[in-house]
Amino acid sequence: MTIRVAVAGATGKMGKLALRLIEEAPDLELHAALGRETPLSAIDGADVAFDVTHPAASADIVRHSLSIGVPIVVGTSGWSAPRISEIEAFRRELGEGAPAVLFVPNFSIGSVLGTAFAALAAKFFDSIEIVEAHHAGKVDSPSGTAVRTAELMTAARGERGPVAAPHADQRARGQLVGGIPIHSLRLSGVVAEQRVVLGGDGETLTIAHSTVSPSSYEAGILLALRRAPEAEGVTVGLDALLDLGISSDR
Ligand SMILES: NC(=O)C1=CN([C@@H]2O[C@H](COP(=O)(O)OP(=O)(O)OC[C@H]3O[C@@H](n4cnc5c(N)ncnc54)[C@H](OP(=O)(O)O)[C@@H]3O)[C@@H](O)[C@H]2O)C=CC1
Ligand SMILES: O=C(O)C1=N[C@H](C(=O)O)C[C@H](O)C1
C-alpha cells in the first residue's frame, strides 16, 4: 500500500529532507508540499501529515489534521506536556475514531536512546542538569528534546522527588523544567547536541549525544510515517515505536 504524505514546512531544512525521503521510498508518495502560505486544506485526503514548521504554527496544523481525519507526525519542537494535554482534550472532543498523533521530539535513534538512558538513571542521583547546544538558527529554547528529557527524568524519579537545583532563581542557572535546569547554547558550527549530567555521592554520570548530520533523522522519520496510518491515540517519542526493552512511561 502506498502512503500519501502531506508535508507542512516543505520549504525548510526538515521539510526538504522529508520530500527527498518520500521521493526515494517506494511505499511513500507526496500528497502535498505546504509552504507558509499554503491553505491547510491541502492536507485533506492525505494518509498522513508531517509537520516540521514552527512552534507557533504547529498547533493549528495538528488541529486541522485531526479535524479532517488525517493522522499526523509532529516533529516541530515546543510541544511540552501541558500543550500535548490540550491536543489530547481536543481529540477526545472529536470522539471515537479520531486519528492518531505522533509527537516526536527527536527522530534520531541515538538521541532517543540517550533520553531513555537518562530516564533510567534519574532516580539514582541527587542533582541533574541538562546542557543542550543547537545551530544558531534555532528559534526556540530550550530544545524540545531537552524538555522531553527533563519531563521523563522527573516522572522517573517518582518518590525520590525533585532534584536539588541550588540558586535556581539566578538567570545563569538555566530554565527549570520539572525542577531540572536546562542550559541552551546556540552556536554556529553545531547541528544538535545534548548532555545530561547527573551528580551523586562522589561521582557524576554524563549521558551525551551529538547529531553531526541531519541524516541521523532519516530512519526515525521513515519509521514514524510508516507507523502513523495504523497508530491510535496520542504517542509521544519515537521510543514508543522501538523495542527498547525498558519502560519510559510518560
Ligand atoms: N523532531 C526532530 O527530530 C527535529 C525537529 N526539528 C524541528 O522541526 C522544526 C523545523 O525545523 P527546520 O526545518 O530546521 O526549520 P526551518 O527554519 O529550516 O524550516 C521551518 C519551516 O517552517 C515554515 N514556517 C515557519 N513559520 C511558519 C508559520 N508561522 N506557519 C507556517 N509555516 C511556517 C517555514 O516556512 P518559510 O520557508 O516560509 O519560512 C519552513 O518551511 C523546528 O521546530 C525544529 O526544532 C528540527 C530537526 C529535528
Ligand atoms: O531545531 C533543531 O534543529 C532541532 N530541534 C529539535 C529539538 O528542539 O529538540 C530536535 C533536534 O534537537 C534538532
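This is a predicted model: local features need pLDDT of at least 70, side-chain atom pairs count only at pLDDT 80 or more; totals for chains, interfaces and linings use all residues.
Tutor: Residues are numbered from 1 along each chain as its sequence is written, chains are lettered from A and ligands numbered from 1 in the order in which they are written, and side-chain values use heavy atoms, with hydrogens and water left out.

Student: What makes strand 6 and strand 9 a pair?

Tutor: Two strands pair if DSSP finds at least two bridges between them; helices (H or I, at least four residues) and strands (E, at least two) are DSSP runs, numbered from the N terminus. Strand 6 (residues 127-134) and strand 9 (residues 192-200) have 8 bridges and run antiparallel, so they meet the rule of at least two. One of the bridges sets Ser127 against Gly199.

Student: How many bridges join strand 9 to strand 10?

Tutor: There are 9 bridges between strand 9 and strand 10 (residues 203-211), again in the antiparallel sense. Gly200 faces Glu203 of strand 10. The two strands form a hairpin with 2 residues between them, and Gly202 in the turn has a positive phi of about 75°.

Student: Which residues are around ligand 2?

Tutor: A residue counts as near a molecule if one of its heavy atoms lies within 4 Å of it. Among those around ligand 2 are Ser77, Asn106, His135, Lys138, Gly144 and Tyr217.

Student: Why is the approach of Lys138 to ligand 2 called a polar contact?

Tutor: A polar contact is a pair of N or O atoms within 3.5 Å; within protein, one must be able to donate a hydrogen and the other to accept it, and residues adjacent in sequence count only if both atoms are side-chain atoms. A polar side-chain atom of Lys138 is 2.7 Å from an oxygen atom of ligand 2, so the pair is within the 3.5 Å limit. For a polar side-chain atom of His135 the value is 2.9 Å, and for a polar backbone atom of Gly144 it is 2.8 Å. On its own ligand 2 exposes 320 Å², of which the protein buries 82%; such areas come from the Shrake-Rupley method with a 1.4 Å probe, and for residues only the protein chains shown count as cover.

Student: What surrounds ligand 1?

Tutor: There are 19 residues around ligand 1, and the closest are Thr11, Met14, Arg36, Ser77 and Phe107. Backbone atoms also approach oxygen atoms of ligand 1: an N or O atom of Gly9 at 3.2 Å, a polar atom of Gly12 at 3.1 Å, and an N or O atom of Met14 at 2.8 Å. The protein covers 75% of the 920 Å² of accessible area that ligand 1 has on its own.

Student: What is the bond from Ser141 to Pro142, cis or trans?

Tutor: The peptide bond is cis, with omega near -5°. Pro142 belongs to the loop between strand 6 and helix 5 (144-157).

Student: Where is His167?

Tutor: His167 is in the loop between helix 5 and strand 7 (175-177). Its phi is near 55°, a positive value in a residue other than glycine.
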